[in-house]
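Work through the exercises below with the sequence and the 3D structure at hand. Each task is followed by a solution in steps.

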Amino acid sequence: MRKFLARSVALSAVALLALTACSEREGSDSGSTGSEKGFAANALIGVALPSKTSENWVLAGDLFTNGLKEAGFQSDVQYAGASTIVADQQAQISAMITKGAKVIIIGATDAAQLSTQVEAAKAAGITVIAYDRLITNTAGVDYYVAYDNFKVGQLQGEALLKGMKEKKPTGPYTIELFAGSSDDNNSGVFFNGAMDVLKKEIDAGNVVIGSGQTDIKQVATDGWKAENAQRRMDSLLTASYSSKTLDGVLSPNDTLARAIITSVKGANKPLPVVTGQDSEVESVKSIMAGEQYSTINKDTRNLVKQAIQMAKDLQGGKDPETNDTKSYNNGVKVVPAYLLPPLIVTKTNAVEAYANDPKLAPLTK
Ligand code: BGC
């Protein structure tokens with residue numbers, strides 16, 4: 001059971017109790033939308049996305065709107081706003097249920113705060129697909145489609161070690177850890193994946209956390225916001241690096257990686273090896289310029305395509321294809337998942353990695 005962030009469970013223990021009772025009555029069906037399968041070819045498909053905390057979410061909205069139209073569906077694609085994001089997304093999902101959506105695809109703002117809406121969708125015979133981020137504490141989520149996010153974390157951990165070794169062949173190495181927002185289930189998954197790789201080195205004394213902050217609660221970045229990561233990096237530099245050298249920083253994504261780099265530059269310190277994720281334009285430029293060390297390619301086009309394929313299968317009365325039925329326990333059930341493979345990208349393989357991406361390929365020339 002590698003992929004579950006316990007905090008999400010603690011947050012809504014009450015909801016969990018209610019849902020456990022409910023799921024016991026309903027049994028453990030996974031993915032069936034009732035006895036009648038399939039629905040009209042031009043049915044409404046709802047897509048509820050979080051706020052635009054990284055480029056992948058911005059891209060996903062357009063790709064869903066166009067892709068669902070091409071597939072013959074009607075679509076309702078919504079983003080949660082920036083302020084009351086949880087309430088926004090809850091209201092958007094409720095509206096999609098009222099409008100008669102047949103499938104609702106959700107990139108959750110807060111993994112643990114959607115059980116009421118997801119249960120209501122389920123009761124209305126709607127199939128719920130968790131997109132990129134798992135929805136926790138509910139039996140109502142039918143499928144999960146995502147890149148293998150534990151693997152993302154492992155790749156980040158490996159890249160951090162490799163990058164530091166390239167710069168300085170022998171350790172020990174001094175690093176700092178950053179994690180994503182604690183309301184996003186992925187944050188724990190990325191962090192656990194990275195720690196799966198780093199822990200052995202930390203235990204052996206080859207890697208030292210300069211500040212001593214190793215708990216995900218200490219290293220989380222609220223709302224995935226750049227300013228929060230930058231502020232924390234500023235304090236870490238002041239508190240722990242007046243004489244020590246910082247060799248590396250585990251950053252869970254590109255937005256935070258650039259904030260960390262900005263902080264280090266502002267303090268006039270040498271740049272550490274910094275990891276990332278998402279292949280954002282500015283980070284790919286930074287990698288090519290030799291600043292950020294790595295990113296992850298989780299091509300949003302393929303993820304959206306896979307989610308739309310699930311909707312098409314459901315429309316045709318078929319069970320969508322899944323390739324992992326054991327890893328993603330959401331606290332109530334194991335959610336059948338279709339996982340895509342993430343790719344680590346550094347300056348060394350950027351040309352091949354982005355060869356078929358018209359936006360990124362020119363940046364690597
Ligand atoms: C996504 C990442 C993204 C982060 C912040 C995560 O759930 O998987 O790709 O960087 O959210 O938007």
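Predicted model: local features only at pLDDT ≥ 70, side-chain atom pairs only at ≥ 80, totals over all residues.

**Exercise 1. Describe helix 3: how many residues does it have, and which of its residues are buried?**

Step 1. Helix 3 covers residues 55-70, which is 16 residues. From its first C-alpha to its last it reaches 23 Å, close to the 22 Å expected at 1.5 Å a residue. The expected span is 1.5 Å times one less than the number of residues.

Step 2. Asn56, Trp57, Ala60, Gly61, Phe64, Gly67 and Leu68 are the buried residues of helix 3.

Step 3. These buried residues pack against strand 1 (44-49), strand 2 (74-79), strand 3 (103-106), strand 4 (127-131) and helix 12 (300-315).

Step 4. Just after helix 3 comes Gly72, with a positive phi of about 95°.

**Exercise 2. Describe how helix 3 packs on helix 12.**

Step 1. Two packed helices are described by the angle between their axes and the distance between the axes. Axes are lines fitted to C-alpha atoms, for helices over the stretch in contact, and angles run from 0 to 180 degrees between N-to-C directions.

Step 2. For helix 3 and helix 12 the angle is about 40° and the axes are 9 Å apart. The two helices are therefore oblique to each other. Angles under 35 degrees count as roughly parallel, over 145 as roughly antiparallel, 65 to 115 as roughly perpendicular and the rest as oblique.

Step 3. Helix 3 and helix 12 cross in a right-handed way. A crossing is left-handed if the near helix is turned anticlockwise from the far one by less than a right angle, and right-handed if clockwise.

Step 4. Helix 3 makes the contact with Asn56, Leu59, Ala60, Leu63, Phe64, Gly67 and Leu68, and helix 12 with Thr300, Arg301, Val304, Ala307 and Ile308. The residues of this contact divide into eight nonpolar, three polar and one charged. Here Ala, Val, Leu, Ile, Met, Phe, Trp, Tyr, Cys and Pro count as nonpolar, Asp, Glu, Lys and Arg as charged, and the others, Gly among them, as polar.

Step 5. Arg301 of helix 12 is partly exposed, with a relative accessible area of 30%. Leaving aside its neighbours within four places in sequence, Arg301 is in contact with Leu63, Asn356, Asp357 and Pro358. Arg301 and Leu63 are 238 residues apart in sequence, but their C-alpha atoms are 6.9 Å apart in space.

**Exercise 3. Describe the crossing of helix 6 and helix 7.**

Step 1. The axes of helix 6 (residues 149-167) and helix 7 (residues 185-203) come within 7 Å and cross at roughly 40°. That makes helix 6 oblique to helix 7.

Step 2. The crossing is right-handed. Among the residues in contact are Phe150 and Leu160 of helix 6 and Phe190 and Val197 of helix 7.

Step 3. The residues of the contact of helix 6 with helix 7 divide into nine nonpolar, eight polar and three charged.

**Exercise 4. Examine the backbone at Asn137, Asn268 and Pro172.**

Step 1. Most residues other than glycine have a negative phi, and most peptide bonds are trans.

Step 2. Asn137, in the loop between strand 4 and strand 5 (143-147), has a positive phi of about 60° although it is not a glycine. Asn137 is buried, with a relative accessible area of 0%.

Step 3. Asn268 has a positive phi of about 55° and sits in the loop between helix 10 (254-266) and strand 9 (273-274). Asn268 is exposed, with a relative accessible area of 71%.

Step 4. The peptide bond from Gly171 to Pro172 is cis, with omega near -5°. Pro172 lies in the loop between helix 6 and strand 6 (173-177).

How values were computed
Residues numbered from 1 in each chain as written. Heavy atoms only, no water. Helix = DSSP H or I, 4+ residues; strand = E, 2+ residues; numbered from the N terminus. Contact = heavy atoms within 4.5 Å. Buried < 20%, exposed > 50% of the residue type's maximum accessible area, 1.4 Å probe, protein only.
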